[in-house]
Amino acid sequence: MWWLIIAGVLAVALLVVVVHDLVQRKHAILRNFPLIGHLRFTIEAFGPELRQYIVTSNDDERPFNRNQRQWVYATAHRSNTYFGFGTDVNFDAVAGHVLVKQSSFPLNNPSPGATVRLPCAKVLGAARGRAAAVRPASVVNISGMSFGALSGPAIEGLNRGAALAGCWHNTGEGSVSPGHQHGGQLVFQVGTSYFGCRDRAGRFDLAQLVELTHANPITAIEIKLSQGAKPGLGGLLPAAKVTPAIAAIRGIEAGVDCASPAAHSEFSDVSGLLDFVERIADATGLPVGIKSAVGETHLFSELAQRMQGLHRGVDFITIDGGEGGTGAGPLVFTDHVALPFRVGFARVYAIFAEAGLADDIVFIGSGKLGLPDTALMAFAMGCDMVSVGREAMLSLGCVQAQRCHTGRCPTGVATQSAWLARGLDPAEKSVRVASYIEGLHAELGALSRACGVPHPALVSLDHLELYDGGPTARPATDAFGYQPGWGLPGAANTRALTDLLASRDLTFGSPIPTRCRSGRG
């Protein structure tokens, strides 16, 4: 009978574990998959050994390799972000590997435990005299991901995290949802379907947009022309994700694929786009910009030509690299359409720099720029801010299952399943999002000071080289064809930024609670 006693004890123990997993709030995997979810953490713990002998190396997985994901997880949990025994990067096999040329006389780092805010080097909307021109308090902000693509708890977790970190949260083209109303400042994205600012026939309604900006903490408006993962195709929210709540917010039919058209109906050329920008800016007083992936560059050449004199113009340009992510898209578009960020941004920046307009526009980069090395490269190329999407999802607990398009995301991030979404606790996860953003600020600050400057906007391509293997590396200025001074803010903006850094206590907006230290996703 002894074996019955042992079996009974094991059954009780397993039941206790199941109950614990269902009621705890730290790990969505365990809430959604009690007991068996522990296998994920067990396998993760032995991951280095398994990959070394059986599967893959730390740098093989895509779109984010194991080292990159582990850095995000550790930063979000405020655990140890150091890696032992030196680098495991195979330099000879990595094309375009970023190398930072540290200064012989670096700047000292802040005292241990101090958190430093990195404000934008430019005042958004100042060049065109917008009534609500503002200097963004954070150079790292959350990219456009709609309620629909992400679950309600995920949106709420991101928004609460943005509020804690003092950064901006882009709504995505799916309009403002209840999850966006938890303290985070918003960038409202206007997509081709005009969700949140359309009439019953689906046409753009300026009055609705103005009303929306008055009712919500919207600081800027972004007109989405295209995104990196599926440019020229429009958006798609699969039917499995179109719940009654999402349908009500967007003004569409529930349970049916929601396909946004590829092009806007309000304009069909650059002049019409600028008229649209100025209509919105005049009515709202807010800075207005555009988001686009880069294919042919005629749009940007004509935009720079028509912006001469500043009578009409955009306040910011978000360039989304072709490596950017999406919840659902055809493989050929995600793999082969639109230029990668470095190639596309360099071409666009050069157009505006040659026209003498680079200092009048806030440049924002997106597309796998939520890691310290890629973000630093973006700033050196001329970005004033970066927007993070999938990296922010990782900080929420995403495990890169790549089931975003199925509605069955196991961590409750990219799903509309009530059962799976309940596993994600917004209050708990918001701390991780804020900690990740704070950690990215810290590493960008440390890299900048290693280069001898106090802010990543003051890092130039002269501080970087690209290594393709072999005995030599290429100066980054040569690789992108930049002229002297390109990529840096102008003299007036540089003076204002350095004065700001020297005179203000640039700490994060709200104290971030000291929780979530387990170091697991």
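Is arginine 130 buried or exposed, and what is its relative accessible area?

Modeller: This is a predicted model, in which local features need pLDDT of at least 70 and side-chain atom pairs count only at pLDDT 80 or more, while totals for chains, interfaces and linings use all residues. Residues are numbered from 1 along each chain as its sequence is written, and side-chain values use heavy atoms, with hydrogens and water left out.

Arginine 130 is buried, because its relative accessible area is 10%, and the word buried stands for under 20%, exposed for over 50% and partly exposed for what lies in between (1.4 Å probe, protein chains only). Its partner is glutamate 278, and the two side chains meet in a salt bridge of 3.0 Å from N to O; the term asks for a side-chain nitrogen of Lys or Arg within 4 Å of a carboxyl oxygen of Asp or Glu. This pair links distant parts of the chain, since arginine 130 sits in the loop between strand 1 (97-100) and strand 2 (140-142), while glutamate 278 belongs to helix 9 (residues 270-284), 148 residues apart. Helices (H or I, at least four residues) and strands (E, at least two) are DSSP runs, numbered from the N terminus. Glutamate 278 also counts as buried, at 12% relative accessibility. In general, side chains of opposite charge can pair when their charged atoms come close.

The structure holds 15 salt bridges, and another of them joins arginine 25 to aspartate 425, with the closest N and O atoms 3.4 Å apart. Here too distant parts of the chain are linked, with arginine 25 in the loop between helix 1 and helix 2 (28-32) and aspartate 425 in the loop between helix 15 (418-421) and helix 16 (426-450), 400 residues apart. Aspartate 425 is buried, with a relative accessible area of 12%, whereas arginine 25 counts as partly exposed at 45%.

A further salt bridge connects aspartate 468 with arginine 474, whose closest N and O atoms are 2.9 Å apart. Aspartate 468 is partly exposed, with a relative accessible area of 36%, and arginine 474 is partly exposed at 36%.
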